[in-house]
Amino acid sequence: MTPAEIRVLEQVEALADELVGFTRALVRIPTVNPPGDCYAECADLIRDQLCKFGYQVELLAADGLAEHTPEHPRINVVGSLGSGGPVLHFNGHYDVVPPGSGWTIDPFSADVRDGRIFGRGTCDQKAGIAASIYAVEAVRRAGVELKGSVEQSATPDEESGGFAGVGWLCDSGWIARDRQRYVVMTEPLDPERVCIGHRGVYWFELTTIGRVGHGSMPGLAVNAAEQMARLIRSFDARLKPALAERVSTAPVEPPQARRPTLNLNSIHAGQPLGGWQTPAVPDRCTAIFDRRFIHEESFEAVRAEIVRVLDGEGVAYELKDLMRVDPLLGSSESELARVAAGAIRDALSVEPSFIVSPGTYDQKHVVRRAGIHECIAYGPGRLVLAHQPDEYVAIDDLVASAKVMALLTLRLIGD
């Protein structure tokens, strides 16, 4: 490494306490999605930090989208440092999934224990936002000049598809092929790995249609919940064994995610929970399913296979498409991927690997809406901790990833 690179990595170490403090401040803001709580507060915190570090910053509301409301505004933070090209853009999402059960600590306390920061969003992926900001700050404090520009964006709603976040920035021209050359999504895919793509996803809503009747005479009705149970058993018996036989050649991690999957996300029938009991047979039952598909499958074949199973049971149903994202696979030979791998090798003294994410993320928008193919995911979080109770990020991983991002920045747009 060059003297300037060594100096910058030393500066990352010197900034470690500040980096940890900012990560904890982000985690303490409960930006839970749904519904989109505390987005404006978190956006303000990130804006203020970027301004402190010399960025020109704009807060951009996702106007025109139904999810952007006065009660739950969708705010995108975009900061720019330097002038001219090429432009390196770091992106992270500040929304987090609901905490769920199983926590042994307050999920928004950002407690530090045994060298780890605990809390919802530490891994996925507020640590990534903090790491990219402080990586570039280390370059600035080390006095190293850049020949291009750095941008940082922090966006909402990635957990629900990213349409009011990175999708909106792409559609509005803020992220575009003629603006940025490189884009790094700071997702939690492990600090020794470069992510170059993701599996596909098909979310669908399935409703079984029965006939209402009195609960004391169910034989005179058709129970929609029992009809749904019949379809679920058919998925288990007919579809899931077929999926288990298919294996992708793409380097999806963890290895079990190289097979396509079907997950029942939610289900409801009959009277609302918590109310008075009513003796009625439910005439509608609605479930949400999550079908992940591999690069060797097409969406058309995925959907057709589901329809065949449904039609084979003789149950009245309605099928509604909720979201489709086709699989994406970039090249490990792209300039950005190669530079990132070299930065991992030199900053961390480990051999990097290239992987594909089991879940989709906002790379889909950058590549397909903005047309930028020099796009990877890299961040401090450990993939297996995402969305888990007692989620955490190791401080060593946080600092290590910031070093990689700093070195990557120097090698892409440094003098």
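Visitor: How many helices and strands are in the protein chain?
Guide: There are 10 helices and 18 strands in the protein chain, both being DSSP runs numbered from the N terminus, with helices (H or I) of at least four residues and strands (E) of at least two. This is a predicted model, in which local features need pLDDT of at least 70 and side-chain atom pairs count only at pLDDT 80 or more, while totals for chains, interfaces and linings use all residues. Residues are numbered from 1 along each chain as its sequence is written, and side-chain values use heavy atoms, with hydrogens and water left out.

Visitor: And what is the radius of gyration of the protein chain?
Guide: The protein chain has 23 Å, which agrees with the value near 22 Å that a compact globule of 415 residues would have; the radius is taken over C-alpha atoms, and the globule rule is 2.2 Å times the number of residues to the power 0.38.

Visitor: What share of the residues count as buried?
Guide: Of the 415 residues, 56% count as buried, where buried means under 20% relative accessible area, exposed over 50% and partly exposed in between, using a 1.4 Å probe and protein chains only.

Visitor: Which residues touch the most other members of the largest nonpolar core?
Guide: Ile 46, Tyr 94 and Leu 408 do, in a core of 72 residues, a nonpolar core being a set of buried Ala, Val, Leu, Ile, Met, Phe, Trp, Tyr and Cys residues joined through side-chain atoms within 4.5 Å. The largest share of this core, 13 residues, comes from helix α10 (residues 395–413).

Visitor: OK, what is Ile 46 in contact with?
Guide: Leaving aside neighbours within four places in sequence, the partners of Ile 46 include Phe 22, Val 77, Tyr 94 and Ile 133, with contact meaning heavy atoms within 4.5 Å.

Visitor: Is Asp 157, with its positive phi, buried or exposed?
Guide: Asp 157, whose phi is near 70°, counts as buried because its relative accessibility is 3%. Cys 38 also has a positive phi, near 60°, but counts as partly exposed at 30% relative accessibility.
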